[in-house]
Amino acid sequence: MYALVATKSNNLNGNIKLKGAKNSILPILAACVLTKEDVLITNCPVLSDIIDMLKIISSVGGKVNFYNGNVEVCCKNINPSQIDKSLMKKIRSSIFILGPLLSRCGEAEISLPGGCEIGARPIDLHLDGLRSLGVKISQSVCGENSVVRCKGKPVGGVVRLKYPSVGATENLMMAGALSSGTTAIYGAALEPEIVDLATFLNNIGARVYGAGTSLIIVEGKTSLHGARFRPITDRIIAGTYIAAVAVAKGDVFIEGAVGDHLDSVLHKFRSAGVIIEESASGLRVKMSRQLKAVKQTVTLPYPGFPTDLQPLFVAAMSVANGESVVTETLFENRFRYVYQLGQMGADIILDGENTAIIRGKELSASSVFAQDLRGGAALTVAALAAEGESIIYGVEHIDRGYENIENDLTSIGANVMRVFA
Ligand code: UD1
């Protein structure tokens, strides 16, 4: 078990280079099941979620090799019945394998990914969408497992998503890639990771049109081929380090960050007084004064403010001058870290289940427990603004999405180290 020890840090300075986005890489890896040929994904961070996805691909017969940020995948022979159901249960993103397996093999049996730290996370939109594409689905409870059996190769059809779910949109795009007809997804999610998956699918020979709009069309092909692909950079990690500079001040260049992917986030941090300069090679983030409170922020599907950066923004607002209000509309358990921030002295009142009222003040160090990925990152950022030495336990949650958060932060002068605890 590891913990992070962090002390108040001033004037961060230097350069952080972003790697590929976890939320792009996970569906792209699952999509490798669609082709018998070799695929190479570059610039991949070593994250536990990515390693678990590779194990799932191996369990159905894929050959995987992860070295120096490159992931090689070859899915020449696939046997969907061998899928490792315990891993399916363990990671939420395992659901991404369903669409590709059905498209390639016409059958799949999975264990239902459970709810997770941030909410119940049902998969009804994934399953209803697959039914609309001609897949027969039955569910049964077997001991502690809820098993979903899917039969039939998708034949195309029209799906109308009642909510722009990122994962359901991605699963249905992949399900349509090798189908015998055309798939139309109305109400599709618009996230940059959706566009990246479409670009990858088209690179391996699929025909996906309209990604980045609310109507995506996928014309099924009979086979797909190999490719080499570099995913987009991680906009959530970029936002995390913007929050770090916002609270600790300084002048940091986030290399590879794409301003267009972060419009709503840049707007909010700029309203709080952070200077952010956009260029083709990244974002320069400068801060020299105390943060100003931002009256109202609401998380929404893209291009709205991302739920994944809500904890980071609340951490920043907890040291801002004045009162901020942040409302979470996507996940019901996304304020659990607030109690831990309170241990550092933050003045945050939860109004109902989904609104936080934050009155900015000085923080003081404390021992705190990360309970989920972004909540853990938020505690780490808050610790950079807290007087004294904080200890953040539960680093395994943070490691799901940050390759080595302490290395990135120390490289720009923050006082953070990993200890065995
Ligand atoms: C993805 C991201 C996650 C991010 C989220 C929202 C990945 C690996 N993860 O998760 O980091 O926080 O988008 O931007 O890309 N819903 C249903 N039924 C479904 C599917 C979703 O009710 O079948 C609900 C969810 O409970 C949630 C909302 O829709 O309230 C959004 O979820 P969704 O967009 O599907 O998120 P994920 O794809 O799981």
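My entries on these topics follow.

**Ground rules.** I am working on a predicted model, where local features need pLDDT of at least 70, side-chain atom pairs count only at pLDDT 80 or more, and totals for chains, interfaces and linings use all residues. Residues are numbered from 1 along each chain as its sequence is written, and side-chain values use heavy atoms, with hydrogens and water left out.

**Entry 1, sheet with E17.** I found an open sheet of 4 strands in the order E17-E18-E20-E19, with mixed pairing. Strands here are DSSP runs of E, at least two residues, and helices are runs of H or I, at least four, both numbered from the N terminus. Two strands pair if DSSP finds at least two bridges between them. Strand E17 (296-298) and strand E19 (347-351) each have a single partner strand, so one side of each is left without a neighbour in the sheet. Neighbouring strands are turned by 20° against each other on average, direction ignored. For angles, axes are lines fitted to C-alpha atoms, for helices over the stretch in contact, and values run from 0 to 180 degrees between N-to-C directions.

I then checked E17 against strand E18 (residues 323-327): they pair in the parallel sense over 3 bridges. Val 298 stands opposite Thr 327 in E18. Helix H10 (residues 310-317) packs on this sheet and touches E17, E18, E19 and strand E20 (355-359). Contact means heavy atoms within 4.5 Å. The direction of H10 makes about 170° with that of E18.

**Entry 2, sheet with E2.** I looked up another open sheet of 4 strands, with the order E2-E14-E16-E15 and mixed pairing. Its edge strands are E2 (12-17) and E15 (275-279), each pairing on one side only. The twist averages 10° from one strand to the next. E15 and strand E16 (residues 282-287) pair in the antiparallel sense over 5 bridges. Glu 278 has Leu 283 in E16 as its bridge partner. Helix H9 (residues 263-271) packs on the sheet, touching E15 and E16, at about 145° to E15. H8 lies across E2, strand E14 (250-255), E15 and E16, and runs at about 175° to E14.

Which residues of H5 (residues 124-132) are buried? I noted Leu 125, His 126, Leu 127, Gly 129 and Leu 130. Buried means under 20% relative accessible area, with a 1.4 Å probe and protein chains only. Their cover includes helix H4 (98-105), strand E7 (136-142) and helix H6 (166-177). Just after H5, Gly 134 takes a positive phi of about 95°.

I counted 2 cavities of 30 Å³ or more. A cavity is a set of points on a 1 Å grid over the protein atoms alone, where a 1.4 Å probe fits but cannot get out; lining residues have an atom within 4 Å of a point. Grid points are joined across faces, edges and corners, and a volume is the space filled by probe spheres set on the points. The largest cavity holds about 50 Å³ of space. H9 gives the most to its lining, with 3 residues. Among the lining residues I noted Arg 235, Asp 260, Tyr 302 and Pro 306. The second largest cavity holds about 40 Å³. Its lining includes Lys 22, Glu 193, Asp 234 and Arg 374.

How values were computed:
Buried means under 20% relative accessible area, exposed over 50%, partly exposed in between (1.4 Å probe, protein chains only). On a 1 Å grid over the protein atoms alone, a cavity is a set of points where a 1.4 Å probe fits but cannot get out, and a pocket is an open set with protein on both sides within 12 Å along at least five of seven lines; lining residues have an atom within 4 Å of a point.
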